[in-house]
Amino acid sequence: MLSGATIEVSNLTKRYGSVEALRGVSFAVNEGEVFGLLGPNGAGKTSTVEILEGLRAQDSGTVSVCGLDPQTSGVEFKYVIGAALQSTALPDTMRVQEALELFGSFYPKHRGAPELLKRFGLEEKRNAFYSQLSGGQKQRLALAMALVNDPRVVFLDEPTAGLDPQVRREIYDIIEELKKEKKTILITTHYIEEAERLCDRVAIVDHGKVIALGTPRELKQRSGAVTRITVRMAKPEVNGALGSLEGVTECRAQDEDYLLYSTRVPRTIVALVKHLEEQNNELVSLEISAPSLEDIFLELTGRRLRD
Amino acid sequence: MTKSRMRLAMRNRAFLFFSLVTPLAFLFGYGALARRYSPSAMPYLLAMVLALTIMGSFWGLSVQLVTFREQGILRRFRVTPVGSSAMLASSLISNYFLTLPTIVIEFYLSRSLFHMNGLGNLLSVFVLVTIGTVTFASLGLIVASVTNTMQETQIINQIIWFIFLFISGATIPFPKLPVLVQKFSVFLPATYLVSGLQRAMVDHTSVVDLGAYLASLVGCALIAFIIAAQLFRWEPESKAPRQAKLWAAAAVIPFILLGIWENFNGDLRRHAVKDMQSISEPYSLERIDH
């Protein structure tokens, strides 16, 4: 645990009835860092971030944000954080500019609505009712509201969930702008691309525990040097022999492709070519790629992130 | 936040219907009766309309708060420095300023269309309107704090509203109620609101002489507000504790005490009979030949 970190979480536990949502989560986030909690639905990401936001109390363990306890620090804590919740709802007949002005009025120092409208591309929608906004516009408004008090720490809980890829990339651009402002940002996500693109460090969470923590590069490097080979053949594999090729630790079918995870890529490729000749099959395409965070998750849990 | 709540209310058609159209419908109904049978009854009848307008705060605020909670709107506010007391206070204040225009319109129409004589004791009316609006709004907030779903809220609202409507004197004059019902009615906050407004409009009763009624309404409002703030829930899935409804019942303690006193003393009944008799023609559905 790093002392003096902006966010410190130590041995967090939380139970909902008979379900253990958090089973000893620990991590720290430094000032100006973008930290990701990556894991499937139900892993404990939202529970963790809601405890950090002060929305829930932990059963045991300690949390600290800017040296403050979210449960006992009162308004002083609320002044230093901003949050975009997993689902933000506003009254249907509230206008966009009114929402920013209202939430800004809760803080002694806040950014002006016109500045936020411009920054988050909502100027044309300033007088639109909340109910008239698209999903992407609502999410941009949620981000703008999270920044209205110019907080030190920003919590973004699944900021792009349910949005189409184009809109998701627009949100990524916004978050990358926030990175340049050196804000401390904690993002929860189940999107690999989001974690790899935005986060300085990532904690992979599953079943209420942090199972891996590090920079995306460090995490990939610890994968046991497993490389993914994506193979497409003219005829489908019939006898499942691909998984037995030299160096292959795992083989999966995905649409028309086969994903081979190999620790000895050159030998696997030679074995593959021989196998295809014996089967009178042809290689249509072959792609070699470094492992992704999803591969790390698979290696650690035996499951895919989206299962 | 108060300004924001008022703006949202003005954009809500249901609010405009129940807070403006419905009370005016009662006013026109009573006004037509007064005009046809007994014009001097208008102050007495207007008092009933004013009471109905004020009591509408009870329904509106409970529904709004539960809606905001169920839709997850309240939880976003929870991450801000706004506390539960501030949320509730803004509800009360915005509701008060939204109710006042309807009250003014009702007075204006009573004078201009139904030729009401005089305006009663305006200071007493103003104080009763102010305290009454806050009291019934607070009662609405307490209902929202002890119910878990909109369905439950609507059921409790309808039961309480039905009692307020028909047993307090707001629609059927208090002296016309069966004696047994009167004995129960004196335990209701609505009864003291109706009676107080009628005494202010008909007898021009002063604020001082309405002291017991006002004190009970103020006491009820304070207790209701404190309990509503304590029981306030931000999260859609959080449930009211089992003892919550018992705590909520504590809000009517002032009226339990007042009701016990009234059943022995009969002061409210005497005034109610006097106010009804003070109008030139008895309140009756039979037409008086002029």
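Author: Two strands pair if DSSP finds at least two bridges between them. Helices (H or I, at least four residues) and strands (E, at least two) are DSSP runs, numbered from the N terminus. This is a predicted model, in which local features need pLDDT of at least 70, side-chain atom pairs count only at pLDDT 80 or more, and totals for chains, interfaces and linings use all residues. Residues are numbered from 1 along each chain as its sequence is written, while chains are lettered from A and ligands numbered from 1 in the order in which they are written.

Reader: How many bridges join β1 of chain A to β4(A)?

Author: Strand β1 (residues 7-16) of chain A belongs to an open sheet of three strands in the order β2-β1-β4, with antiparallel pairing. The edge strands, β2 (19-29) and β4 (60-65) of chain A, each pair on one side only. In β4(A), A:V65 is the bridge partner of A:I7. The number of bridges joining β1(A) to β4(A) is five.

Reader: At about what angle to β1(A) does helix α1 of chain A run?

Author: Axes are lines fitted to C-alpha atoms, for helices over the stretch in contact, and angles run from 0 to 180 degrees between N-to-C directions. Residues are in contact if their C-beta atoms, placed from the backbone, lie within 7 Å. Helix α1 (residues 45-53) of chain A lies across β1, β2 and β4 of chain A, and its angle to β1(A) is about 115 degrees.

Reader: How far apart are the C-alpha centres of the two domains of chain A?

Author: The bounds come from an automatic or database domain assignment. It divides chain A into domain 1 (7-221) and domain 2 (227-290). Their C-alpha centres are separated by 41 Å.

Reader: In which hand does α3(B) pass α5(B)?

Author: The axes of helix α3 (residues 42-70) and helix α5 (residues 84-112) of chain B come within 10 Å and cross at roughly 155 degrees. Therefore α3(B) is roughly antiparallel to α5(B), as angles under 35 degrees count as roughly parallel, over 145 as roughly antiparallel, 65 to 115 as roughly perpendicular and the rest as oblique. A crossing is left-handed if the near helix is turned anticlockwise from the far one by less than a right angle, and right-handed if clockwise. For α3(B) and α5(B), the crossing is right-handed.

Reader: How many charged residues are in the contact of α6(B) with α9(B)?

Author: Helix α6 (residues 122-146) and helix α9 (residues 189-203) of chain B cross at roughly 165 degrees, their axes coming within 9 Å. Among the residues that make the contact are B:L128 of α6(B) and B:L193 of α9(B). Ala, Val, Leu, Ile, Met, Phe, Trp, Tyr, Cys and Pro count as nonpolar, Asp, Glu, Lys and Arg as charged, and the others, Gly among them, as polar. By class the contact has seven nonpolar residues, four polar and, for charged, no residues.

Reader: Which helix gives the most to the side of chain B that touches chain A?

Author: The contact takes 19 residues from chain A and 16 residues from chain B. On the chain B side, α1 (2-10) and α4 (73-78) each supply at least two residues. With four residues, the helix that gives the most is α4(B).

How values were computed:
Two residues are in contact if their C-beta atoms, placed from the backbone, lie within 7 Å.
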